[in-house]
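Subject: Handing over the structure, with notes

Dear colleague,

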Amino acid sequence: MATAEGMIFDIQRYALHDGAGIRTLVFLKGCPLRCPWCHNPEGQQKGQQVMRYEDGTEKVAGRRMGVEDVLREVEKDTIFYDQSGGGVTFSGGDPLLQPGFLRELLKACKAHDLSTAVETSGYARWEDVAEVAPLVDLWLYDLKLMDPERHRTWTGVSNRRILRNLEGLAAAGARLIVRIPVVPGVNDDRANLEATGRFVAQLDAIAEVHLLPYHRAGMSKYDRLGMDYTLDDTPEPGEEEMERLAAIVQESGVRTKIGG
Ligand code: SF4
C-alpha cells in the first residue's frame, strides 16, 4: 500500500473541462509561478493558508492527505469515468511541485485502471517530469508567453525550462494539449500568439492548442488571503476577440480550440 502523503487544497467532482469525459480534479498545493491572473491563488504556497471570508468565517486552504485517502475520493465516480471516457486530473498549483506524492497518486490510479491527466505550468525538474510521464495519459500544459523576459516579468520565472520540458515530453511521445490562458494586455499580442503557434507546430506530439479566455472568477479569493489582485482593469475577452486570437495561432497549422 502506498504511504506517501501530500498537501491538497481541493477535490472537485464532475468536471468537464480538464481532460476528456467526466473527471475528478485533485488540486495539489504549491506553484513555482506567481501569475497575477491565477484563479487558484490559495494553491500557490506549499503550506496551509487561512482564508478569511466576508462574513467573518475562516477556512484553511490545504490539508495533508494520503494516497489512499485521495484514491477513495476519486473512486466514488468510477462509474461516470467508465461511461464518459473520463478519469482523474491532477491540477494545482502545480502538481509537479510535489513530485513524489504525484508519482504515488498516479501509480495508484494506474493500479486501479483510472485514466490520468496532469495540468502543469511545466516549470519543474526534467527528472521529475520524465519519471511520472509514463503514468500520465494526457498532459494539459500551459504556455503563457514565448519571450523569456516577458514571461519572467509576468510570472516571476523564465520560460526556458518550461519550453525545454515541453520539447522533451513531445519527443518522448507524450499526449499533450497546450493551453494558453489568454490575458488581454499580457499575452494576447500577435507576436506572442504567432510565436506560440510556431513553437507548438514544430513539435510532433501535440494534439491541439486550447485558448482559455481570462476571467475574474478567482478575484474574491485574493481578499480572503490578504493578497492584492492587480488585474482589476483587465477586460474579459469576448467570443469574437477569442476567435480572432485563435485564428492567429492557427496560422501556424496547429489545431486550435477556444476553451478547455
Ligand atoms: S502557473 Fe497556474 S497555478 Fe501557478 S500561479 Fe500561474 S496560474 Fe496560478
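Is E54 buried or exposed? E54 is exposed, since its relative accessible area is 61%, and a residue needs over 50% to be called exposed. Please keep in mind as you read that this is a predicted model.

The salt bridges

E54 forms a salt bridge with R224, and the closest N and O atoms of the two are 3.3 Å apart. E54 sits in the loop between β3 (49-52) and β4 (58-61), while R224 belongs to helix α8 (residues 219-225), so this pair ties together parts that are 170 residues apart in sequence.

In the whole structure, a search finds 21 salt bridges, and a few others deserve a look. R190 forms one with E251, where the closest N and O atoms are 3.2 Å apart. This pair, too, links distant parts of the chain, as R190 is in helix α7 (residues 190-201) and E251 is in the loop between α9 (239-250) and β11 (256-258), 61 residues apart. R190 counts as partly exposed, at 41% relative accessibility, and E251 counts as exposed, at 51%.

The side chains of E208 and R255 also meet in a salt bridge, at 3.1 Å from N to O. E208 lies in strand β10 (residues 206-213) and R255 in the loop between α9 and β11, which places these distant parts of the chain 47 residues apart. Here E208 is buried, with a relative accessible area of 13%, and R255 counts as exposed, at 53% relative accessibility.

Strand β6 and its neighbours

How many of the five residues of strand β6 (residues 87-91) are buried? Five of the five are, so the strand is largely enclosed by the rest of the structure. Strand β2 (residues 23-28) is joined to β6 by five bridges, and the two run parallel; within this pairing, L25 stands opposite T89 in β6. Strand β7 (residues 116-120) is joined to β6 by three bridges, and these two strands also run parallel, with F90 standing opposite V118 in β7. To get from β6 to β7 the chain passes through helix α3 (residues 99-111), and this β-α-β crossover is right-handed.

Helix α5

Which residues of helix α5 (residues 148-155) are buried? They are P148, H151 and T155, and they cover an arc of only 60 degrees around the axis, which puts them on the same side of α5.

At the start of α5, a side-chain oxygen of D147 reaches to within 3.1 Å of the backbone nitrogen of E149. After α5 comes G156, and the phi of G156 is positive, near 95 degrees.

With best wishes

Conventions. Residues are numbered from 1 along each chain as its sequence is written. This is a predicted model: local features need pLDDT of at least 70, side-chain atom pairs count only at pLDDT 80 or more; totals for chains, interfaces and linings use all residues. Side-chain values use heavy atoms; hydrogens and water are left out. Buried means under 20% relative accessible area, exposed over 50%, partly exposed in between (1.4 Å probe, protein chains only). Helices (H or I, at least four residues) and strands (E, at least two) are DSSP runs, numbered from the N terminus. Two strands pair if DSSP finds at least two bridges between them. A crossover is right-handed if, with the strands pointing away from the viewer, the path from the first strand over the helix to the second runs clockwise. The arc is that of the directions from the helix axis to the C-beta atoms. A polar contact is a pair of N or O atoms within 3.5 Å; within protein, one must be able to donate a hydrogen and the other to accept it, and residues adjacent in sequence count only if both atoms are side-chain atoms. A salt bridge is a side-chain nitrogen of Lys or Arg within 4 Å of a carboxyl oxygen of Asp or Glu.
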